[in-house]
Amino acid sequence: MKAEINRHIDVLDGVRALAVGFVVWFHFWQQSWLTPSAGFRGSLSAWFGLEGFGLERFVRHGYQFVDMLILLSAFCNFYPYARSILLEEPWPDTRTFYLKRAARILPSYYLSLGVMAAVLFAEGMSADGFFWKDLFAHIFCIAPFFPDTCLGTNFSGALWTVQIEVLYYILLPWIARLFRRQPVLTCTALWGCGLASANGILIYKADMIRAMENHMFTFAGCYANGMLLCMLYITLKKQQGENRYTRLAATVLFLCAVRHLHGMMGLLGGEDRLLVQLGQRFELSLTFCGILMGLFFAGRWAVRIFSGRIMRFIAAISYNLYIWHQYLAVKCKGYRIPFWEGDTPPNMLGDRLWMWKYQILIIVVSLAVAAVLTYGVEKPAAAFLFKRTGVKSREGL
């Protein structure tokens with residue numbers, strides 16, 4: 001009997017929620033300077049090699065979890081193609097794939113551009129000629145390709161991720177076709193593109209690292225690893241060999257990968273942080289693959305923790321939370337909400353009362369805005385577009 005392999009993998013809700021949560025926490029930390037101190041610091045934890053393991057690194061370097069979000073996107077969007085290859089299901093229709101991706105991300109994306117552009121008009125920023133270049137680059141999802149619109153944008157700094165994802169969506173059906181015919185050649189080409197572009201920047205364009213580190217090509221290896229993770233997951237699921245020992249092995253893999261991730265983030269504390277980040281991007285994607293593979297087969301504890309109601313809710317609103325959180329945090333602080341006096345921001349003066357008020361405020365506001373836009377705009381717009389185009393939406397990853 002063929003093993004039943006669910007179209008929805010429950011633990012991915014929690015992974016997406018935590019990945020977005022750490023990115024959000026990092027951007028909030030940049031504004032509030034509130035740093036967590038919880039961690040393992042005892043003789044017993046030291047015996048297991050966990051001395052110094054804490055949340056601080058994950059918060060200070062939470063931007064690294066953008067790579068996890070890109071890996072998740074690669075995995076989730078390639079998953080139907082992998083099922084077709086390994087389970088002999090029908091090959092996904094390209095038109096349907098494009099329509100589903102557009103309905104999922106474009107309404108919220110263009111709404112955010114419209115609102116942010118209106119605010120810039122109200123603040124008198126549109127008189128600058130750069131405004132129009134910045135706007136059109138974001139409309140056509142090419143802002144990361146230009147140093148000025150990449151670094152000097154007046155829109156949300158989080159939108160670059162959406163833009164490289166849009167370009168990936170455009171290419172994915174064709175990459176999947178190549179993978180079906182020549183999997184080794186396709187992955188080798190993607191790995192080579194990612195490693196060559198990253199090392200080329202490190203060697204020849206290190207002075208432009210801030211503008212080029214998040215170029216689409218540097219994530220090519222991450223996309224390849226996400227695709228291979230799909231194939232490995234389905235292949236292992238088909239074996240029907242899960243038992244207490246495989247669950248134990250998966251749990252150990254998860255813990256080791258998390259520990260390795262913590263160590264990698266410890267290398268980001270110096271002045272060459274961006275160079276280190278780009279140099280270890282491929283290794284980081286493999287580490288995230290280890291975390292995911294461990295969770296896939298770890299058993300009940302992973303499902304209970306990573307697919308609870310809170311995780312599912314945060315995952316559901318994660319897209320709008322990702323788009324808006326940094327913009328809202330910066331605007332609240334810029335508009336002095338909560339109120340503060342003087343020319344020096346309160347966090348730089350060590351005003352912890354203000355720091356906590358501000359932190360709580362931006363958390364509540366960001367979650368509220370994300371929830372309203374998800375259930376008031378994103379989902380209704382997607383349902384409308386599905387109805388108009390005749391596409392049947394089926395819940396998946």
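Colleague: Before we start, what counts as a contact here?

Modeller: Contact means heavy atoms within 4.5 Å. Bear in mind too that this is a predicted model.

Colleague: Got it. Which residues of α5 and α6 meet, then?

Modeller: From α5 you have Tyr-109, Tyr-110, Leu-113, Ala-117, Leu-120 and Phe-121, and they meet Phe-131, Trp-132, Leu-135, His-138 and Ile-139 of α6. By class, that contact has 10 nonpolar residues, one polar and no charged ones.

Colleague: And how do the axes of those two helices cross?

Modeller: At roughly 170 degrees, with the axes of α5 (residues 94-122) and α6 (residues 129-139) coming within 11 Å. That makes α5 roughly antiparallel to α6, because angles over 145 degrees count that way.

Colleague: Switching to charges. How many salt bridges are there?

Modeller: The count comes to nine. One of them joins Asp-67 and Arg-281, whose closest N and O atoms are 3.0 Å apart. Asp-67 sits in helix α4 (residues 65-87) and Arg-281 in helix α14 (residues 281-297), so this pair ties together parts that are 214 residues apart in sequence.

Colleague: Nice. Is Asp-67 buried or exposed?

Modeller: Asp-67 is buried, because its relative accessible area is 3% and the cut-off for buried is under 20%. Arg-281 counts as buried too, at 3% relative accessibility.

Colleague: What about Arg-16, which residue does it form a salt bridge with?

Modeller: Asp-13, with 3.9 Å between the closest N and O atoms. Both lie in helix α1 (residues 11-32), three residues apart, which is about one turn of the helix. Arg-16 and Asp-13 are both buried.

Colleague: And which residue meets Glu-242 in a salt bridge?

Modeller: Lys-237, at 3.0 Å from N to O. Glu-242 is partly exposed, with a relative accessible area of 37%.

Colleague: Which residues are linked in a network of salt bridges?

Modeller: Arg-7, Arg-83 and Glu-89 are linked that way.

Colleague: Okay, new topic: the largest nonpolar core. How many residues has it got?

Modeller: It has 103 residues. Phe-65, Met-68, Phe-75, Phe-78 and Phe-296 are the ones with the most contacts inside it.

Colleague: Which helix gives the most to this core?

Modeller: That would be α4, with 15 residues.

Colleague: Last one. What is Phe-78 in contact with, leaving aside its neighbours within four places in sequence?

Modeller: Phe-78 touches Ile-85, Leu-172, Ala-176, Phe-179, Met-227, Cys-230 and Met-231.

Terms used:
Residues are numbered from 1 along each chain as its sequence is written. This is a predicted model: local features need pLDDT of at least 70, side-chain atom pairs count only at pLDDT 80 or more; totals for chains, interfaces and linings use all residues. Side-chain values use heavy atoms; hydrogens and water are left out. Axes are lines fitted to C-alpha atoms, for helices over the stretch in contact, and angles run from 0 to 180 degrees between N-to-C directions. Helices (H or I, at least four residues) and strands (E, at least two) are DSSP runs, numbered from the N terminus. Angles under 35 degrees count as roughly parallel, over 145 as roughly antiparallel, 65 to 115 as roughly perpendicular and the rest as oblique. Ala, Val, Leu, Ile, Met, Phe, Trp, Tyr, Cys and Pro count as nonpolar, Asp, Glu, Lys and Arg as charged, and the others, Gly among them, as polar. A salt bridge is a side-chain nitrogen of Lys or Arg within 4 Å of a carboxyl oxygen of Asp or Glu. Buried means under 20% relative accessible area, exposed over 50%, partly exposed in between (1.4 Å probe, protein chains only). A nonpolar core is a set of buried Ala, Val, Leu, Ile, Met, Phe, Trp, Tyr and Cys residues joined through side-chain atoms within 4.5 Å.
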